[in-house]
Amino acid sequence: MRTWVLFGVLVTVGLLFLTCDAFPSTEVYALKNFREAIYEDPFMVFSNWNALDSDPCGWFGIFCSMGGDHVIKINISGASLKGFLSPNLHFISSLQELILHGNVLIGTIPKEIGLLKNLKVLDLGSNQLTGPIPLELGNLSNITKINLQSNGLTGKLPSELGDLKYLQELRLDRNRLKGTLPASNGSKFTSTVHGMYASGAKPTGLCRLSQLRVADFSFNFFFGSIPKCLDYLSKSSFQGNCLQAKDPRQRSTALCGSTPPARIHSAQSNNKHRPVEGRAKHQSASKPTWLLALEVVTGVIAGSLFLVAILTAIQKCKNKSSIIIPWKKSASMKDHMTVYVDTEMLKDVVRYNRQELEVACEDFSNIIGSSPDSLVYKGTVKGGPEIAVISLCVKEEHWTTYLELYFQKEVAELARINHENTAKLLGYCRESSPFTRMLVFEYASNGTLYEHLHYGEGCQLSWTRRMKIVIGIAKGLKYLHSELDPPFTISELNSNAVYLTEDFSPKLVDFESWKTIVSRSEKNSGAISSEGAMCVLPNSLESRHLDIQGNIYAFGVLLLEIISGRPPYCKDKGCLVDWAKEFLEVPEILPYVVDPELKHFKYEDLKVICEVVNLCIRPNSSSRTSMKDLFAMLESDIDTSITAELQASSLAWAELALSS
C-alpha cells in the first residue's frame, strides 16, 4: 500500500512539472546554447528566436514532432552563420536531422554529437570546421547520412565509422584527412556483394558498411591502397589523394610528401552504457510491528517532503522572472559550455608574456592610438625591433571559451600573412591574471595615412608619393586576395588601416578585426558605430573571407581620399563617394577632385585613378574588377619614377630633397 502511495505522489509531481513546462527544458536550453555559440548572423535567421519562449517549435529552422513536444530536426543551411557548434546539442535527445550545411562554422566537431542515438542525418558540409573526426560518431546507431565535405578536418578516419550499420551516404571529400582508409575484407572474404562476407574472418572498418551506397573520399591525403570492398564506388570518389592507384588521378609526390607507412592500430574501445537490470525479490518473511511502524513514519516524512517540492514547483511556475535579458549567459550556462581548442593552431606563433611587453612599452604609457575596442602602444623589445602592441578592451566576464577560440583563430590567420606591403604579426600575449589579450605587430614609424592626409603637412605627400602609396596598397591587397589560400580581407579598409614606414611605403594592418566580436561579447548591437564606416564599407559585417568585394569598394573610396585629401565621411558634406560622383563622370572637371594642397599633379595619372575608382564602386558587387586586374592597371599606367617626378614640376627638386 505504501508503495502505491509513494508512486501516486511521484506521478503527481511529474504531472505538475509537465504542466508547468510542457516542452523539455533541456532541449530549450540546448537550442539557446546553440544560438549563443553563433556570433555572426548576417541574414538574421535568429530574429524570431525568443529567449523567453519556452516552446521553440515556431523558431526558424526548428522542426518538432507531431505532438509538438520534441525537436526532431534543425535545418539552417546557407545562412553564413559564423560561430561554433555547441556540445550541448546532445541534450536534444530526439533529434533526427542536424543540417547546418554552407555556413562559416569554425572549431571542432564536439564528440557529444555521438550521444544523439536517434540522429539519422548529420550534414555539416561546406563550413570551416577543423580537428579530427570524433570516433564517438561511431555510436550514431541510426545514422543513414554523414556529410562533412569541404571543411578543414584533419587526422585519421576513425575505424569506428564501420559500426554504422544503417549508413548509406558518407561524404568526406575536400578536407585534410590522412592515413589509410580503415577497411579490411577479412582473409576469407568471398562474397561479390559489397560489404558482405561468406565465411571466415569478418570484415573490419568501412567494409562492414553493408548499406553504404554513396561515399566520397576525394581530395584528402589518404595513402595506401583502395580497399577491395569499396571497388563498387566511383573512381572519382578516391581522386586527389596519395593512394597507390594510377586511376583515379592522385596528388603529386611533392604534395603528398614522404608518406608514412601504414600502421596497424587497435580501435579504441567505446564505453557503452548498458541498462542495469534490477531484480526485485519478494521476501515472504513476516516483519516485526516496530519495523512496520518505522516504515509508516518514514513514508509520512517522505510524503511531506514531496508536498513541499510540489508547492515549490508551483511557486516557481507562477513567479517566472519577467526581466530576463535575452541571450544573456548565466554563470551556470558558461560553466557547461565546452569548446575544444586546437592546440596546434598557434604552435608556430611567438607568445610574449605581459611583463616583457610592459617593459617594452614603458609601463604601457606610450599610447599611439585608441578606440572603444582597443589601445595601441609603441614599444621596443630588448635586442629586437620596434613594435606596435594592440590590447583588446574586453572585460574578463564578457570573455567566453568561444571568443578564446576566435582569438586564437584570428592570430593564426594574421600570422600567415607575409608581404612587403602588409604589417607583420610578430606574436601575441594571452594571460589570465591580469586578463590580457594582445597582438604584437612590427612598427611602422611614420604613423597612419589618415594622419598625413588630414593632420600632416601637405607637402609631405607629393603627387608621386601618393601614387607610390596607391600602388603599394593595391599590391598588398592583390597578395591578400589572390595569393593567399584561403584569401584574407581587411575588416575595415580605410586610411587608418594603412601605416607608413620611414620611406612612406604603405603597410596594411587589420587592427579592427575584433570590433564586431568584442561588441557582440558585450551584447551590443553589432552595427558599425560610425556613419563614415557605413559609407565606406556597407557590408563589413560579412565574413572576412567572403568580403573581397567589400575590400574592393573600400579601396575605391581610399583612392578618392588619397587624391582629394577629404575624409571618407563628414557631417557637412556627407559621403566622399557621393561628392565625387559628379566629377568622376566628366573628364573636363576631373581636376576639381584633386587635393588643393597639391601644387602639381599628372592629369594622365588622375584619369587612371578615377577609372579604377569607377570600377571599384559599382553598385553591383559582382561586376567589380578584381584587385589583381586593378593592380595591373595602376602599375602599368602610372609612372612613379624620379624622372617623371622631376618633369612634373620645377618644385619637384625641392620635394625630392625633402624626401631624401
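**View 1. The whole chain, as a predicted model.** Look at contacts between residues at least 6 apart in sequence, and 60% of them join residues at least 24 apart. The chain exposes about 33,700 Å², with carbon and sulfur atoms supplying 54% of that area.

**View 2. An open sheet of seven strands.** Reading across, the order goes β2-β3-β5-β7-β9-β11-β15, and the pairing is mixed. β2 (62-64) and β15 (214-216) sit at the edges, each pairing on one side only. From one strand to the next, the twist averages 15 degrees.

**View 3. Strands β9 and β11 inside that sheet.** Residues 145-147 make up β9 and residues 169-171 make up β11; the two run parallel, joined by three bridges. Pick out Asn 147 and look across to β11: its bridge partner there is Arg 171.

**View 4. The largest nonpolar core.** Skipping neighbours within four places in sequence, Leu 449 touches several residues, including Leu 461, Ile 469, Ile 473, Val 498 and Ile 562. Ser 495 is also among the contacts of Leu 449.

**View 5. A second, separate core.** Here 59 residues come together, among them Phe 23, Ile 38, Leu 105 and Leu 233. In soluble globular proteins, nonpolar side chains tend to be buried together.

Terms used: Residues are numbered from 1 along each chain as its sequence is written. This is a predicted model: local features need pLDDT of at least 70, side-chain atom pairs count only at pLDDT 80 or more; totals for chains, interfaces and linings use all residues. Side-chain values use heavy atoms; hydrogens and water are left out. Two strands pair if DSSP finds at least two bridges between them. Helices (H or I, at least four residues) and strands (E, at least two) are DSSP runs, numbered from the N terminus. Axes are lines fitted to C-alpha atoms, for helices over the stretch in contact, and angles run from 0 to 180 degrees between N-to-C directions. A nonpolar core is a set of buried Ala, Val, Leu, Ile, Met, Phe, Trp, Tyr and Cys residues joined through side-chain atoms within 4.5 Å. Buried means under 20% relative accessible area, exposed over 50%, partly exposed in between (1.4 Å probe, protein chains only). Contact means heavy atoms within 4.5 Å. Accessible areas come from the Shrake-Rupley method with a 1.4 Å probe; for residues, only the protein chains shown count as cover.
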